Number of protein chains: 4
Amino acid sequence: MQLGIDDASFIRGQVPMTKQEIRILVLVKAAIPPNGIVFDIGAGTGSLSVEAARLAPEGHVYALERKEEACGLIRQNAVKFDVTNLTVVPVEAPEGIDGLPDCDAVLIGGSGGHLTSILDAVTPKLRLDGHIVVTCITVQTLHRAIAYFRQSAEYTYDACSVQVSRLRPVGPYDMMQAENPVFIITAKKER
Amino acid sequence: MQLGIDDASFIRGQVPMTKQEIRILVLVKAAIPPNGIVFDIGAGTGSLSVEAARLAPEGHVYALERKEEACGLIRQNAVKFDVTNLTVVPVEAPEGIDGLPDCDAVLIGGSGGHLTSILDAVTPKLRLDGHIVVTCITVQTLHRAIAYFRQSAEYTYDACSVQVSRLRPVGPYDMMQAENPVFIITAKKER
Amino acid sequence: MQLGIDDASFIRGQVPMTKQEIRILVLVKAAIPPNGIVFDIGAGTGSLSVEAARLAPEGHVYALERKEEACGLIRQNAVKFDVTNLTVVPVEAPEGIDGLPDCDAVLIGGSGGHLTSILDAVTPKLRLDGHIVVTCITVQTLHRAIAYFRQSAEYTYDACSVQVSRLRPVGPYDMMQAENPVFIITAKKER
Amino acid sequence: MQLGIDDASFIRGQVPMTKQEIRILVLVKAAIPPNGIVFDIGAGTGSLSVEAARLAPEGHVYALERKEEACGLIRQNAVKFDVTNLTVVPVEAPEGIDGLPDCDAVLIGGSGGHLTSILDAVTPKLRLDGHIVVTCITVQTLHRAIAYFRQSAEYTYDACSVQVSRLRPVGPYDMMQAENPVFIITAKKER
């Protein structure tokens, strides 16, 4: 399987990056088909985009990212991992979504406060049985995502929080070091 | 991608089952190649075995399990998910390992107190760059796994704990419900 | 110190009970003075009320609880722990708050969907520098509590989630068993 | 109640400090009587020692700490919080334990690899029904503490892990930020 690149392998600068375990769970929950079209919104370093592109070798990934520095990192990571089915779209979503083709999966890692309008914009693009996977680390975004999918007639959803602690070897000891908990909300378009 | 079967889809009886998120992480960390030979030790319901078999369509999975009831469930799940490259080996490991072919990945979910002798038995079978992924929920097994890989000249390892809480909808609320934390120790055979 | 009664010591029937570690943190964060007046809203089994009453031997605790069965348990636990400075108020809050005296601390463990009106009702009763401690296990109540204290001119707040796993001895092993994560929001009346 | 000083109130330099929630739980689990004698081993900044001294106004706390810088911090914190029933013992435990009086509670936050010999040294000093509370963040110390109390005829024990995430306000959001999980092992001397 192509999935599961080490965190340290990505070029990342100062841009925050989804950690490996969360990346794996998000990509599996997104159920990306080999020929899938994927939107990665708030793509950051592009770590999710690159792995999504490898899971969809006959498909295409659109990485939407507003920050110039991050757009550069996504392009560098695409080159590093030899991924060509990935287009960087340097916009602040929901801007830019209208011009994209229909899609099979939407990953939302950063919404810049526009989560509701982003979800409104991707809904007509998302194919039946397609998935949206929202990751978030704030109470407000979690609440907004859940509220959106609860009131929606199109989606079913499930959600979880994942808290990973890494065992870091220090001399004869392995120390538990916590990573921040991440909420993962997975919605499926049912109609 | 084939990975990510829902927990509820497996036939499980009273046998404890690795939950979906942990299953996904274990299988990705095991880095199973499409033609890979996999040992699943303490296979339980066979949920890991079935998903491993789907990740290795040109390979084969050997599910070692001492309990008769569980062996039956593994066979039923193999049929349900139409997996034919899976052999149930009804033994208490390390018994039975000697007779198996060389392998690319070893998943250890249950060791019945024999972790050290299981690791000793699989080490000569495991190919270079192959992975062992131990999941455990007790202090003692965690300590033994770490101690084994620390003292070993063949392996490098990393380890983490993963604690998932599920958001269960109850009327207008989403309640956080904890699943037990699981330790995942991943060792790679370096020489 | 009086604090830290074992969970198993309380009479509890089928009523859910705040676990020991959470109870300790809530009571310490509430900063109850020895002569303090305390409201325990959604008192359940009365485990918090009883411990609060012991921390305020010269004060008084009002346990507001809408369920008859739970009111009975609170009274039984008060007798069991020989606590006499505790009054059960069998109402669904915010009902009943108006008739209570001014207070030094408010514990809110259950709000039955009325969190905002409860907070509105206790605010004029709470003395300057008094604390409100809200515990919750749902996304919606967490969000509502935070939103309330954010928009309020009277309060500062801090919040955390606490996830406890207990190590349960099973033969030669100690198994990690998760308790549900609890959010604790502590607000202080500043003006 | 005296318990529950804010983390930010302690003078701490570069020395690691037990966080507030863990400190509270450790001190309550130690069940320190007002006239109690307490050993705080690996006292660090003295945050536990200071709070223990306030819980035992008629008792005394012995803070054992091998690092000179930390010993200075303990003394500064004692002065800051106006605590006089606290003696800094600048040794690497188990050294120095022999010369101390009998005690009611032992807090072990740092054992410098000597946990077993520290436990051997404090056992004859600890009064019947007294408590030892070990906090640790490594697999190895956790395992050693559990193994010690399991094989011991004098002690019963229970243990838990506590993982706190703080909700940090960032503009209109509250972000979850994880603190490292801590294991707390509480042993009671039964005979």
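Two strands are taken to pair if DSSP finds at least two bridges between them, strands (E, at least two residues) and helices (H or I, at least four) being DSSP runs numbered from the N terminus. The model is a predicted one, in which local features need pLDDT of at least 70 and side-chain atom pairs count only at pLDDT 80 or more, while totals for chains, interfaces and linings use all residues. Residues are numbered from 1 along each chain as its sequence is written, and chains are lettered from A and ligands numbered from 1 in the order in which they are written.

Under that criterion, strand 6 of chain A pairs with strand 6 (residues 155-170) of chain B in the antiparallel sense, over nine bridges; within strand 6 of chain B, B:S161 stands opposite A:S165.

With residues counted as in contact if their C-beta atoms, placed from the backbone, lie within 7 Å, 23 residues of chain A touch 23 residues of chain B. At least two residues of this side of chain A are supplied by each of helix 1 (20-29), strand 6 (155-170) and strand 7 (173-178), the largest share, nine residues, coming from strand 6 of chain A.

Superposition by least squares on the C-alpha atoms of residues with pLDDT of at least 70 in both copies brings chain A onto chain B by a rotation of 180° with 0.0 Å of shift along its axis, at an RMSD of 0.0 Å. The two copies are therefore related as by a two-fold rotation axis, and in chain A the C-alpha nearest that axis, 2.6 Å from it, belongs to A:Q163. The same surface serves both copies, since 100% of the contact residues of chain A recur in chain B.

Definitions and conventions:
Two residues are in contact if their C-beta atoms, placed from the backbone, lie within 7 Å.
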